[in-house]
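Okay, thanks for making time, everyone.

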Amino acid sequence: MSDILIVDDERDIRELISDILQDEGYTTRLAGNSDDAMAEIAGEQPALLILDIWLKDSRMDGIDILKTVKRDYPDVPVVIISGHGNIEIAVAAIKQGAYDFIEKPFNIDQLMVVIRRGMETSRLRRENQALKRRDTTPAEMLGDSPAFRTLIGQLDKVTKSNGRVMLSGPAGSGKELAARYIHANSNRADAPFVSVGCASIEADRMEEVLFGRESEEGGVTPGLLEEANRGVIYFDEVADMPPGTQSKILRVLVDQTFLRVGGSEKVQVDLRVISSTSRDLEAEIAADRFRRELFHRLNVVPITVPSLEERREDIPALADHFIQMFNKTQGLPLRSVSNEAAALLQTMRWPGNVRQMRNVIERVLILGEGADPIQVRELPGETGASADEGRVVLSGAIATMALREAREAFEREYLLTQINRFGGNISRTAEFVGMERSALHRKLKSLGVVTSGKGGVRNGDEDAQEQAAG
Ligand SMILES: Nc1ncnc2c1ncn2[C@@H]1O[C@H](COP(=O)(O)OP(=O)(O)OP(=O)(O)O)[C@@H](O)[C@H]1O
């Protein structure tokens, strides 16, 4: 959707405009009457429409087309071409929602100014829509660990106030979910929740995206602040907000008004602001990358969202939750998690927090063996998947034991593995593990492992015996 549709009954004119635009790098489509124009638009929505007001031999005139387009494709900016001296008609067209107009005869510069601005508007609208699409209904926030209960307790305290909240915590820990929880339980729940990814919007586009734009003729493209009016605006990774925008946002926070880009009249908004950061904002302030006044305005109620490793207790319930979610949304198999696999999930490292765990579960459901329950060997680390996907600290069974029992289990498993490696040769095993032969014998005896002659090992514990044999 980056092309321009030119509708004019005069072939010379439409081809002339097309040539100029193509020279400037735009793709164009042409239509000489209203039927062709509507067919082109229905086929693929153009990024911008240039429309002659007077169309000979057409069922609809330009104003009718404009009305239809504004009704059915409100995001397509329409630039009207009007004859010289037809200013009233052009103004009427603006009132009907046209973005701008050019008068015939026009020069190339005039044309290009209007088109470039129109294309920018179109891009901005699409960007805003894409951002809004990310706004899905709040997912359920799950957990019962002490760290999670502390978090929910703090969130519950701020839902009914209008206080600005700063959520800090590592990536993927659930900051946005916490912000949505506040919104959903507040008296702004019926108004929008608009998320602004401060890291994902280019610095030079930020102001237009936030404040919107106004054309000289009064055409308005609202920005995200206006779209969030009466609701919540969520600044995700606020440390990434460009310095110029920081100053402007500071002013918005002071008097809840702002100017659109190109505008001269103040726009009033009623917003609750929630921000998030995974960085240390004090350090950003010390390095002159973040404005202290803005920090103080945003950081009225600071709330820390714990990492997943601080709430390992919640992991089995989260795993079940994600399995059910992927079953519902993607039809992936509804599986349970074996105790060992759950224990392993609880002992892994999770640098990407809940998001990473969600991805791991999704991958297991897609690529795993499919039989119930999910086994340890299907999990990353055990399957040799990327080290980043969670380094295994402990094997599954050991993770569920008390220290003494775990130590014994580990020693048994370790020594049986070594004895196997050395074909049952106790002397070589003793040498490798750094023990006296007699000390190793004693150790094995205390662990219930019986060495029977050459190469054989026996063990009271069936699992260990299986491992020794395998
Ligand atoms: N307590 C929870 N219960 C259920 N799902 C959760 C929970 N916490 C986080 N999630 C899920 O984990 C994923 C990441 O959460 P979210 O996007 O809120 O994290 P974030 O901290 O905002 O991440 P980033 O800083 O990277 O944007 C989401 O899919 C979210 O639904």
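This is a predicted model: local features need pLDDT of at least 70, side-chain atom pairs count only at pLDDT 80 or more; totals for chains, interfaces and linings use all residues.

Let's start with the ligand: how do the residues of the shell around the ligand divide into nonpolar, polar and charged? The answer is six nonpolar, eight polar and five charged.

Residue numbers start from 1 along each chain, following the sequence as written.

Back to the ligand. The shell has 19 residues around the ligand, and the closest are Leu142, Gly174, Lys175, Glu176 and Val354. Being near here means that a residue's C-beta atom, placed from the backbone, lies within 6 Å of the molecule. Helix H7 (175-184) and helix H15 (353-367) each put at least two residues into that shell.

Where does the ligand lie relative to the domains? Domain 2 (146-306) and domain 3 (309-397) both give residues to the shell, so the ligand lies between them. Those bounds come from an automatic or database domain assignment.

Now the chain as a whole. We have 20 helices and 16 strands, and 36% of the 470 residues count as buried. Buried means 20 or more other C-beta atoms within 10 Å of the residue's own, exposed means 12 or fewer, and partly exposed is in between, with C-beta atoms placed from the backbone. If you take contacts between residues at least 6 apart in sequence, 69% of them join residues at least 24 apart. A contact is two C-beta atoms, placed from the backbone, within 7 Å.

Next, the cores. A nonpolar core is a set of buried Ala, Val, Leu, Ile, Met, Phe, Trp, Tyr and Cys residues joined through C-beta atoms within 7 Å. The largest one has 44 residues, and Leu225, Ile233 and Tyr234 touch the most other members. Leaving out residues up to four places away in sequence, Ile233 touches several residues, including Val194, Val196, Leu271 and Val273. There's also a second, separate core of 30 residues, with Ile6, Ile53, Val78 and Ala93 among them. As background, nonpolar side chains in soluble globular proteins tend to be buried together.

Leu21 sits in helix H1 (residues 11-23) and counts as buried because it has 21 C-beta neighbours inside 10 Å. Leu21 and Met112 are 91 residues apart in sequence, but their C-alpha atoms are 8.0 Å apart in space. With residues up to four places away left out, Leu21 touches Ile4, Tyr26, Thr28 and Ile115.

Ala319 is in helix H13 (residues 315-330), and it is buried too, with 23 C-beta neighbours inside 10 Å. Its C-alpha is separated by 9.5 Å from that of Val360, 41 residues away along the chain.

Finally, the backbone, for anyone who likes torsions. Helix H10 (residues 243-255) has 13 residues and spans 19 Å from first C-alpha to last, close to the 18 Å expected at 1.5 Å a residue. That expected span is 1.5 Å times one less than the number of residues. Just after H10, Gln256 takes a positive phi of about 55°. Gln256 lies in the loop between H10 and strand S11 (257-258), and it is partly exposed, with 15 other C-beta atoms within 10 Å.

Glu237 also has a positive phi, near 55°, without being a glycine. You'll find Glu237 in the loop between strand S10 (232-236) and H10, partly exposed, with 18 other C-beta atoms within 10 Å.

Last one: which residues does a cis peptide bond join? They are Asp372 and Pro373, with omega at about -15°. Pro373 lies in the loop between H15 and helix H16 (396-399). That's it from me.

How values were computed: Helices (H or I, at least four residues) and strands (E, at least two) are DSSP runs, numbered from the N terminus. Ala, Val, Leu, Ile, Met, Phe, Trp, Tyr, Cys and Pro count as nonpolar, Asp, Glu, Lys and Arg as charged, and the others, Gly among them, as polar.
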